[in-house]
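Please keep the sequence and the model open while reading.

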Amino acid sequence: MAFIGATGSGKSTLAGLVARLYDATSGKVLVDGKEVSGYSFETLYNKIGYIPQKATLFADTVEGNISFGKSAQKVMTDDVERALDIAQASDFVHAMDDGLQSHISQSGSNVSGGQKQRLAIARTIARKPEILIFDDSFSALDYKTDRVLRQRIKTDLKGTTCLIVAQRIGTIRHADRIVVLDNGAVPSSISVGNRDIAYIPHLKTDAGYVKEMCLLWQNQIQ
């Protein structure tokens, strides 16, 4: 499932509610039919993998960064290699002088923005959560890497639920369902599993972004 909308429309807020970075002040947020507040922190942490737009890396080796944090199962070197491969990070990591043992500077200052995002994605994949939340986590990737990475997630992580927050349509065009957010509300959603596209531009809404996005979407799938 993907969430798209203009800046400030509430996409990251929605993703944060699912990951329980904060609690809802009204209504319910359910994961597998159970309110997120009903899970222990450890259970929810093991179930959900959250990747923010701003990747956080630490002064450690590549392997140390990928295997960082608690998980239901210990992250082994094979898990790190697999996660790097899926996240399209293997090539640049193994081009570094010491491969997995190469040093990453504090905040990842010695790698590019796109490389930081791929390492952060790999770290989450290595934990093997049931649900992956990408909070605009592809924004620094070029279009080819973005496309290949999403295809690898689809083929290599079958059975994993993916929630993708994005602003560019190319990142979410193959999602099973697209939810359009406008000013914190959902004027409508598009079910794209069978290409049954709702013609949202005819909705009674002043959300110009919604109309523009849907027209662009229709032009791309024709």
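Which residues of helix α1 (residues 11-18) are buried? They are K11, A15, G16, L17 and V18, where buried means under 20% relative accessible area, exposed over 50% and partly exposed in between, with a 1.4 Å probe and protein chains only. Helices (H or I, at least four residues) and strands (E, at least two) are DSSP runs, numbered from the N terminus. The model is predicted: local features need pLDDT of at least 70, side-chain atom pairs count only at pLDDT 80 or more, and totals for chains, interfaces and linings use all residues. Residues are numbered from 1 along each chain as its sequence is written, and side-chain values use heavy atoms, with hydrogens and water left out.

The cover over the buried residues of α1 includes the strands β1 (2-4), β2 (30-31), β4 (48-51), β7, β8 (161-166) and β9 (177-182). Just after α1, R20 has a positive phi of about 55°.

Helix α4 (residues 77-86) has D79, V80, A83, L84 and I86 as its buried residues. Viewed down the axis of α4, these residues fall within an arc of 160°, so they line one face of the helix; the arc is that of the directions from the helix axis to the C-beta atoms. An α-helix has 3.6 residues a turn, so residues three or four places apart point the same way. Among the elements covering the buried residues of α4 are the helices α3 (62-66), α5 (90-95), α6 (113-126) and α7 (143-156). Just after α4, Q88 takes a positive phi of about 60°.

The loop between β7 (131-135) and α7 holds S137. With a relative accessibility of 1%, S137 counts as buried. A polar atom of the S137 side chain lies 2.6 Å from the backbone oxygen of I51, and the S137 side chain also reaches the backbone nitrogen of D135 at 3.1 Å. Apart from neighbours within four places in sequence, S137 is in contact (heavy atoms within 4.5 Å) with I51, P52, Q53, Q117 and I121.

D136 is located in the loop between β7 and α7. D136 has a phi near 60°, a positive value in a residue other than glycine, and at 12% relative accessibility D136 counts as buried.

S107 lies in the loop between β6 (103-104) and α6. S107 is not a glycine, yet has a positive phi of about 70°. With a relative accessible area of 42%, S107 is partly exposed.

Methods: A polar contact is a pair of N or O atoms within 3.5 Å; within protein, one must be able to donate a hydrogen and the other to accept it, and residues adjacent in sequence count only if both atoms are side-chain atoms.
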